[in-house]
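Student: I have just opened this entry and would like to understand how the labels given to its parts are reached. Could we go through them one at a time?

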Amino acid sequence: MLSLNLRKFLISPRFLHRLMATNSGKKFIRVDISSDTVCPWCFVGKKNLDKAIALTSDQYDFEIKWHPFLLNPSAPKEGINKKDYYRNKFGSRSEQMMSRMSEVFKGLGLEYSMSGLTGSSLDSHRLLYFAGQQGLGKQNNLAEELFLGYFTQGRYIGDREFLIEAARKVGIEGAADFLEDPNNGLKEVNEELQQHSSNISGVPHFVLNGKYQLSGGQPPESFIQAFQAASNVTA
């Protein structure tokens, strides 16, 4: 009786993506992003990364994966007024910080909103993990929806209806059932926090092809330079 080890014939999505990039003549770049969904500079970094990717799409094929980071692990799940939170945390600097973010967002063609609530982002990270199981493209699109809702529409990052709505927009199936159990994805999020966030002090943090690192809301030009440096680095 002939026994076959089928695992030898399975092709990982990352290997397939890299193989396709090789066949197309483009270089492959994987971008691992540590981020919190309540971090405005993380959204700025994403938008600038998107611009850099659009400008170099003829040279590279990209794979993007999001990893969790909790700026405030003890943030309340029920949510608190966003403006009050910033005033209590940053004092007199809060108005200057909000004005600065408004200008930065305006430069991206977006209107920065301080309306609504802020609080625990844990459920959004559980959902991002779940989205990644259905495809990294969907995960990346979900990150965009969560950022847009929280930073420009006054949506609360811990609101179950908002999370489900964002998931539905990007074609994620089963989000409501997944989020219903607070333990779903929790182990995986904690593992990723340990693996990807334990050695960094702030976000956004980008790792290209496993080695080349960037931090902060870098401009598109910095990403393009990083692509060039990382394109010869094997993950």
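Student: At roughly what angle do the axes of helix α3 and helix α4 cross?

Tutor: Bear in mind that this is a predicted model, so every value here is computed from it. The axes of α3, residues 82-90, and α4, residues 93-107, come within 8 Å and cross at roughly 125°.

Student: What is the make-up of the protein as a whole?

Tutor: The protein has ten helices and six strands, and buried residues make up 46% of its 235 residues. Its accessible surface comes to about 12500 Å², and carbon and sulfur atoms hold 50% of that.

Student: How do you know that Val-189 is buried?

Tutor: Buried means under 20% relative accessible area, and Val-189 has 2%, so Val-189 is buried. This residue lies in helix α9 and, leaving aside residues up to four places away in sequence, touches Pro-68, Leu-122, His-125, Arg-126 and Tyr-129. The C-alpha atoms of Val-189 and Leu-128 are separated by 9.3 Å, although the two residues are 61 apart along the chain.

Student: What makes Ser-201 count as buried or exposed?

Tutor: The cut-off for exposed is over 50% relative accessibility, and Ser-201 reaches 79%, so Ser-201 counts as exposed. Ser-201 is found in the loop between α9 (186-197) and β5 (205-208).

Student: Which peptide bond in the model is cis, and where does its proline lie?

Tutor: A cis bond joins Val-203 and Pro-204, with omega at about 5°, and Pro-204 lies in the loop between α9 and β5. As background, most peptide bonds are trans, and most residues other than glycine have a negative phi.

Student: What is the phi of Asn-209?

Tutor: Asn-209 has a positive phi of about 50°, although it is not a glycine. Asn-209 is found in the loop between β5 and β6 (212-215), and because its relative accessibility is 2%, Asn-209 counts as buried.

Student: Why is the pair of Tyr-150 and Phe-151 called edge-to-face?

Tutor: A pair of aromatic rings is described by the distance of the centres and the angle of the planes. Ring centres must lie within 6.5 Å to pair, and planes over 60 degrees apart count as edge-to-face; the rings of Tyr-150 and Phe-151 are 4.8 Å apart centre to centre with 80° between the planes, so they form an edge-to-face pair. A search of the whole structure finds 16 aromatic pairs, and ring pairs link Phe-43, Trp-66, Phe-105, Tyr-112, Phe-147, Tyr-150 and Phe-151 into a cluster.

Student: Are Tyr-150 and Phe-151 buried or exposed?

Tutor: At 1% relative accessibility, Tyr-150 counts as buried, and Phe-151, at 1%, counts as buried too.

Conventions
Residues are numbered from 1 along each chain as its sequence is written. This is a predicted model: local features need pLDDT of at least 70, side-chain atom pairs count only at pLDDT 80 or more; totals for chains, interfaces and linings use all residues. Side-chain values use heavy atoms; hydrogens and water are left out. Axes are lines fitted to C-alpha atoms, for helices over the stretch in contact, and angles run from 0 to 180 degrees between N-to-C directions. Helices (H or I, at least four residues) and strands (E, at least two) are DSSP runs, numbered from the N terminus. Buried means under 20% relative accessible area, exposed over 50%, partly exposed in between (1.4 Å probe, protein chains only). Accessible areas come from the Shrake-Rupley method with a 1.4 Å probe; for residues, only the protein chains shown count as cover. Rings of Phe, Tyr and Trp (its six-membered ring) pair if their centres lie within 6.5 Å; planes under 30 degrees apart count as stacked, over 60 as edge-to-face and the rest as tilted. Contact means heavy atoms within 4.5 Å.
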